[in-house]
Amino acid sequence: MLRQDTITATATPFGMSGIGIIRISGPEALAVARRIFKPTGGKCEWKSHHLYHGDITCADGKTVLDEALISFMRQPRSFTGEDTVEINCHGNPVIIQSILNELQELGCRPARPGEFSERAFLNNRMDLSQAEALAAMIGARSSKAYAMGLSQLKGSLSREIEDLRLLLIDALAGLEASIDFTEDTAEENIPEMPPQIDQAGERLQSLLSSYRSARAYTEGIHVIITGKPNVGKSSLLNALTGKKKAIVTDIPGTTRDLITDTINIGGIPVHLIDTAGIREPQNVIEKEGINLVWESLAEADVVIVMLDGSKPLTDEDKIIMDKNKSGSIIVAINKIDLPRAWKTETVEELFPPDIKFLDISAKSGSGMEELKKTITDLSVNKDFETAGGAIITNLRHKAAIERALKNIQNAKESVASGLSAEFAAFDLREALDNLDEITGKKINDEILDRIFSSFCIGK
Ligand SMILES: Nc1nc2c(ncn2[C@@H]2O[C@H](COP(=O)(O)OP(=O)(O)O)[C@@H](O)[C@H]2O)c(=O)[nH]1
Ligand SMILES: [Mg+2]
């Protein structure tokens, strides 16, 4: 480990608050703290993990800047693993800046974003996935997202990755035994498929499938309401949000822009998007609006295909159904408060059997609860469990797991096709490297810089 310089930053947000916290980490932390802290009663033993009361002064020891509590955490028992001092002063940006100025006078360097966490990682206080979980917790916008971050911080993902590594190492040992044997006897030995390969593959797959559900809680899902003009799309947006967000009229082509609002369904932020009705556009404005619909449909997590149950179906409906056949589709048959003009069966046969059909009335509000439930069912796996089980929420982790899974499939294929065990062993080593990228056991500096620079200052 290189001898690091001593860094400082505020750990609390900019602005007025009861308390503001300044962190100092590095070999000079205690020496610097001694220069600016005048303890009440004149004496301070600087015991590790104790809180002392006194004045923060300029380095001249005379000018008092604030009255504060100060603590010292001796390495390695600190967040960064280095000597750390925390000053709890009053939460005023002017005070905090003047203390930071004094600390810089005394040789501390302003910390880069995420630099405290980076040091914690480099000093083995946590692995990379845990440091990322911490950033996710700080950015969490729902209690569920926070809980998932916390579970990762506590090591749920790290333990699963470690288990997977052990499985792959066992599989490698099996393969390598057959390679050695071949060398001894100088004859071709067909390797057997180590059972751990399939076990690892299944567990990687289940991590991968947790991603979609986890993202629903952390980032939310995008739900697009589509259909021809006048079926009641804007009315549905208003009914779901409980607001008059979108203009509703009986004039076809009223909605042009995408109109969005976010509601919370069972802890999932659901971003609803009302769109222009799809038909042969009557003018350039409507044409632009309809182009927007096609673009956003491609990025939707769930598509609500809306039909008017009170009027005969038209070719426009057929075009829309044709374009939205598979994936997370809900067919909402609206205006069921009016007499039905056609039977549900006539459209059911146009879709795969697992597509859900719902009767609703955006006007009376009937069917709204069922619709909300269907939206979340489509976004979260039934067996998705956040309590302690390993899940992934981070795109970088997902990409690494996809690569590891591909490596494992390649290894299986080469064993199955009777190739020398060398090939499969090579793939398994690649899979190990990919898993090591998640925990940071093996990672290049450029990626590390990118990860930590996205953290906030003082973390
Ligand atoms: N009877 C009835 N009328 C509805 C319902 N939903 C919408 N409408 C009416 O249908 C017309 C078109 O509604 P709007 O929401 O603007 O449709 P959009 O063009 O698809 O956005 C308006 O006159 C609405 O009042 C419903 O559930 N029942
Ligand atoms: Mg509309």
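Ala, Val, Leu, Ile, Met, Phe, Trp, Tyr, Cys and Pro count as nonpolar, Asp, Glu, Lys and Arg as charged, and the others, Gly among them, as polar. By this scheme, the shell around ligand 1 divides into 5 nonpolar, 7 polar and 5 charged residues. The model is predicted: local features need pLDDT of at least 70, side-chain atom pairs count only at pLDDT 80 or more, and totals for chains, interfaces and linings use all residues. Residues are numbered from 1 along each chain as its sequence is written, and side-chain values use heavy atoms, with hydrogens and water left out.

Ligand 1 is surrounded by 17 residues, the closest being N230, K233, S234, S235 and D337; a residue is near a molecule if one of its heavy atoms lies within 4 Å of it. Helix α8, residues 233-241, gives the most to this shell, with 3 residues. Helices are DSSP runs (H or I, at least four residues), numbered from the N terminus.

The backbone also meets the ligand. A polar backbone atom of S234 is 2.9 Å from an oxygen atom of ligand 1, and a backbone N or O atom of G232 also lies 2.9 Å from an oxygen atom of ligand 1. The protein covers 88% of the 580 Å² of accessible area that ligand 1 has on its own (Shrake-Rupley method, 1.4 Å probe).

S234 leads on to T255, since the side chains of these two residues are joined by a polar contact of 2.8 Å (a pair of N or O atoms within 3.5 Å, where within protein one must be able to donate a hydrogen and the other to accept it, and residues adjacent in sequence count only if both atoms are side-chain atoms). T255 lies in the loop between α8 and β9 (259-265). T255 counts as buried because its relative accessibility is 11%, and buried means under 20% relative accessible area (1.4 Å probe, protein chains only).

Technical notes:
Chains lettered and ligands numbered in written order. Helix = DSSP H or I, 4+ residues; strand = E, 2+ residues; numbered from the N terminus. Buried < 20%, exposed > 50% of the residue type's maximum accessible area, 1.4 Å probe, protein only.
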